[in-house]
Amino acid sequence: MPLLPQYISELLPMLPPDFQVVQMHFTTVDYVIFALLLVASAGIGLFYAFSGGRQRTTQFLMADRSMSCLPVSLSLLATFQSAVAILGAPSEVYTFGTEYWFLGCSYFLGLLIPAHVFIPVFYRLRLSSAYEYLELRFNKTVRICGTATFIFQMVIYMGVVLYAPALALNAVTGFDLWGAVLAMGLVCTLYTALGGLKAVMWTDVFQTVVMFAGQLAVIVVGTSQAGGIAEVWRKAINGSRISGLDLNPNPLERHTFWTLGVGGVFLMLALYGVNQAQVQRYLSSRTEKEAVMSCYVVFPCQQVVLCLGCLMGLVMFARYGEDSPLDKGYVTTNDQMVLYFVMDVFRDLPGLPGLFVACLFSGALSTISSAFNSLATVTMEDLIKPHFPNMTEGKATLLSKGLALGYGLVCLAMAYIASIMGSMLQAAFSIFGMVGGPLLGLFCLGMFFPWANPTGAVVGLVSGLVMAFWIGIGSFVMRMSVPTPAPALNATALPLFDNITTTVMTTTAKSTGVEALYSLSYMWYSAHNSATVVVVGLIVSLLTGPMKEKELTPGTVYPVLGTLLFFLPDRYREKLCCITPLAQKVNSYFHLFPLLFVFQYLCFQ
């Protein structure tokens, strides 16, 4: 996909007159609203940067562990609700119907398990980096492997998150492409480097409000112009956009209840369970109880966000029907349709396009700032401090801010690379999803299987990454080598899932052998790759000598197997290290154990 701005102006004279509606421009009011978003975000960061002595220790990366439930919850939500999700979910619903809504079924277990399994372990160990856990559970080599994998994942992804909304905005409105990229990148770098996690989280709160306001404005105005919600629903039903419950168990089907509702659980666990950007927010909470409560608060908020995305897609369909702007040639990708729709709906309402663009870029800012802060934290805690244990607090704080600034500049460089990657943008999104699964498998291996040893962890992680890239790249190459099928079978590249996710959409054509593996639904990537890490890690651990209970660091193993295997004699359970308790036993959570254990049993047997 070449750069659109370089040749659109040359093509315009050759196109039909109605193509001119593609270039719809901002008014002065729109520019003012968009600028206010950037100024407000930078202002919050500067406030926390200069608010007394609270930013003069490296604890500014952890918000001084003083955050309450509400800002943590909204920050978790903002990190999940990125610009690519705002652009992708309505386009998905417009094109394929409301099947995507069943992703919401995965949110329950996807947040319940982190709340009562991962958070108690991480919080009680008083970690700063999620990858400190890997050293406590295994050794320093495993920690460095996990950290390097996470850094690779986030550096690739954040450049795309920065570039994708700017490109869509430029293609539809003529808004300067690199002006938008530089404005976002520099403002985000400024408040993250100066204000630390506290600034990131409070700007996330502000940006969440802006995101909700922008989406609601589009839905309300669009519904009114379409003739009311009843008319929108009638057109959606007549256009077969209201999907039923598809219980097809075929994992090659792109979206079914099982791929979204079950496969989505693993995507959620990779994001909310072990991703440093989210773990850091849990650890910034004042108490463990508030950290757990933040997961509960996020759940209804996510359902609202998902419903807003689906409703916007239905309103788009009510306006355009089957005759989409993409088919007419007004836009070149599905991702640009939402912005085209917004500019079309708000054509006579100055200021509202600026509000939605502020909403869109709020999603990007929240995602990128989270990435900067989490990357600075893991680099400092996992790669620098262990080698310089005598570094003064002042130097460590200055270096931490320098790291956040450095990653901000790397993000801008990655945005430039993304601009010349063309169709590799889809590959970059898929990399994020492919790497999250193996990292989830690595943490599950250590937390749920006490006999897993460091050798098994390293070999399992490498095997999971190899499997992930084999399937992901193979799927991408196969689609590129196959002629484009009829529209009903098109493989679409829509950035649908978090910040924190992949964008590989596979065809549903019948495949055999290796081709069937390449056609695996992208929603199963995380489950497949994490299972690979666990299975290979357990086999290698048994072959190379399983760990013994006395070798385990207290509090690093969650007592799942001990409860599942209650029927075994104690001597056998002791050999499997199944009697190791979690430090400060979670007695108040025992009523949830049966549900969690059944889930773990189904996933790993």
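I count a contact where heavy atoms lie within 4.5 Å. The model is predicted, so I keep to its limits: local features need pLDDT of at least 70, side-chain atom pairs count only at pLDDT 80 or more, and totals for chains, interfaces and linings use all residues. Residues are numbered from 1 along each chain as its sequence is written, and side-chain values use heavy atoms, with hydrogens and water left out.

**Met-391**

I found Met-391 in the loop between α16 (352–384) and α17 (393–421); helices here are DSSP runs of H or I with at least four residues, numbered from the N terminus. Leaving out residues up to four places away in sequence, Met-391 touches Met-380, Ile-384, Ala-396 and Leu-399. Met-391 is partly exposed, at 26% relative accessible area. Buried means under 20%, exposed over 50%, and partly exposed in between (1.4 Å probe, protein chains only).

**Helix α5**

I checked the length of α5 (residues 106–124). The expected span is 1.5 Å times one less than the number of residues. For its 19 residues that gives 27 Å, and the end C-alpha atoms are 27 Å apart, which agrees. Of these 19 residues, 18 are buried. After α5 comes Arg-126, with a positive phi near 55°.

**Cysteines**

How many disulfides are there? I count zero, taking a disulfide as a pair of cysteine sulfur atoms within 2.5 Å. For Cys-307, the closest cysteine sulfur is in Cys-310, 6.5 Å away, which is too far for a bond. Cys-307 is partly exposed at 37%, while Cys-295 is buried at 2%.

Notes
Helix = DSSP H or I, 4+ residues; strand = E, 2+ residues; numbered from the N terminus.
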